[in-house]
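Have your viewer open and your selection tool ready.

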Amino acid sequence: MNIENPTFGDIEAARAVLAKAYEGQPIGQSLAWLGAKTHDQRLLALRPMLEDCYRSLTDNRQVNQGHSEDALSQEIVDMLYRQQVDAAHDRRNGGHCDITVKARDGFFWIGEAKIHGGYQWLFDGFDQLSTRYAVAQFGRDNGEIIIYHRGQNSRLVLENWRDKLLEERSNVELVNDGIESGRLFFETKHNCVASGFDFFTRHTIVPMYHAPAK
């Protein structure tokens, strides 16, 4: 490697080494995102960053109890932006999406966020995501329902949501149940009416209950 005049290959090799060395840390996540060459790699790089954002909201639940859906979603956007992700809140895409992420080659991820106040509110969010925003084109076939939950027992709420969604929407199929492995998410797919291709939705709940005894 020529230190004074590195080639693109030299830079890419160094990026890959650093991404591996700092795997699981913000700098490693950013480098993995910036170096992603396919849509699958971009999704794989994006999800750990999103999970870190959710953990940050959970860790700071004592100070964000009064924050609205928009404010919480903007916090996620800001955290992603600091990691070199082209994230936006309220970007127009068939409507105003809560959270969107764009990248090269047409990659486009959408997130619809709801403060849990009842399961009909979650159905409204899923319908917005699946019928208004989602188009299920190549590189644009993944999104997320993000549930901000300020009550007790987030796992039970997520299990109930999973069961209600699968029972009431015959076109929705469960493809990955993270709850069974101790994670607070599950993933579904449904056929998009607009494109005829499948759209994949991860449903994640963010536990934000805060009522300490002392």
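**Stop one: a pair of helices**

Select helix α2 (residues 26-35) together with α3: the two pack at an angle of about 155 degrees, and their axes are 8 Å apart. Here an axis is a line fitted to C-alpha atoms, for helices over the stretch in contact, and angles run from 0 to 180 degrees between N-to-C directions. Helices (H or I, at least four residues) and strands (E, at least two) are DSSP runs, numbered from the N terminus. α2 and α3 are therefore roughly antiparallel to each other; angles over 145 degrees count as roughly antiparallel, under 35 as roughly parallel, 65 to 115 as roughly perpendicular and the rest as oblique. The crossing of α2 past α3 is left-handed, a term for a near helix turned anticlockwise from the far one by less than a right angle, with right-handed used if it is turned clockwise.

Now show side chains. From α2, the contact uses Gln 29, Ala 32, Trp 33 and Gly 35, and from α3 it uses Gln 41, Arg 42, Ala 45, Leu 46, Pro 48, Met 49 and Asp 52. Contact means heavy atoms within 4.5 Å. Colour these residues by class and you get six nonpolar, three polar and two charged. Ala, Val, Leu, Ile, Met, Phe, Trp, Tyr, Cys and Pro count as nonpolar, Asp, Glu, Lys and Arg as charged, and the others, Gly among them, as polar.

**A word on the model**

This is a predicted model, in which local features need pLDDT of at least 70 and side-chain atom pairs count only at pLDDT 80 or more, while totals for chains, interfaces and linings use all residues. Residues are numbered from 1 along each chain as its sequence is written, and side-chain values use heavy atoms, with hydrogens and water left out.

Zoom out for a moment. The protein chain has six helices and seven strands, and from the N terminus on they run α-α-α-α-β-β-β-α-β-α-β-β-β. The chain has 214 residues, of which 45% count as buried. Buried means under 20% relative accessible area, exposed means over 50%, and partly exposed is in between (1.4 Å probe, protein chains only).

**Stop two: α3 and α4**

Select Leu 46, Met 49, Leu 50, Cys 53, Tyr 54, Ser 56 and Leu 57 in α3, which meet Leu 72, Glu 75, Ile 76, Met 79 and Leu 80 in α4. Of the residues in this contact, ten are nonpolar, one is polar and one is charged.

Click on Leu 80 in helix α4. At 0% relative accessibility, Leu 80 is buried. Beyond its neighbours within four places in sequence, Leu 80 touches Leu 46, Met 49, Leu 50, Cys 53, Val 85, Ala 87 and Val 101.

Next, Asn 64 sits in the loop between α3 and α4. Is Asn 64 buried or exposed? Asn 64 counts as buried, at 1% relative accessibility. Leaving out neighbours within four places, its contacts are Leu 57, Leu 72, Glu 75, Arg 150 and Met 208.

**Stop three: strand β4**

Move to Ile 146 in strand β4 (residues 142-149). Ile 146 is buried, with a relative accessible area of 0%. Apart from neighbours within four places in sequence, Ile 146 is in contact with Tyr 54, Ile 99, Trp 109, Glu 112, Ala 113, Lys 114, Thr 204 and Val 206. Ile 99 is 47 residues from Ile 146 in sequence, and their C-alpha atoms are 9.8 Å apart.

**Stop four: two loop residues**

Select Ala 136, in the loop between α5 (119-133) and β4. Ala 136 is not a glycine, yet has a positive phi of about 60 degrees, and is buried at 3% relative accessible area. Then pick Asn 153, in the loop between β4 and α6 (154-168). Its phi is also positive, near 60 degrees, but Asn 153 is partly exposed, with a relative accessible area of 48%.

**Last stop: cysteines**

Select Cys 53 and Cys 192. Cys 53 is buried at 2% relative accessibility, and Cys 192 is buried at 2% too.
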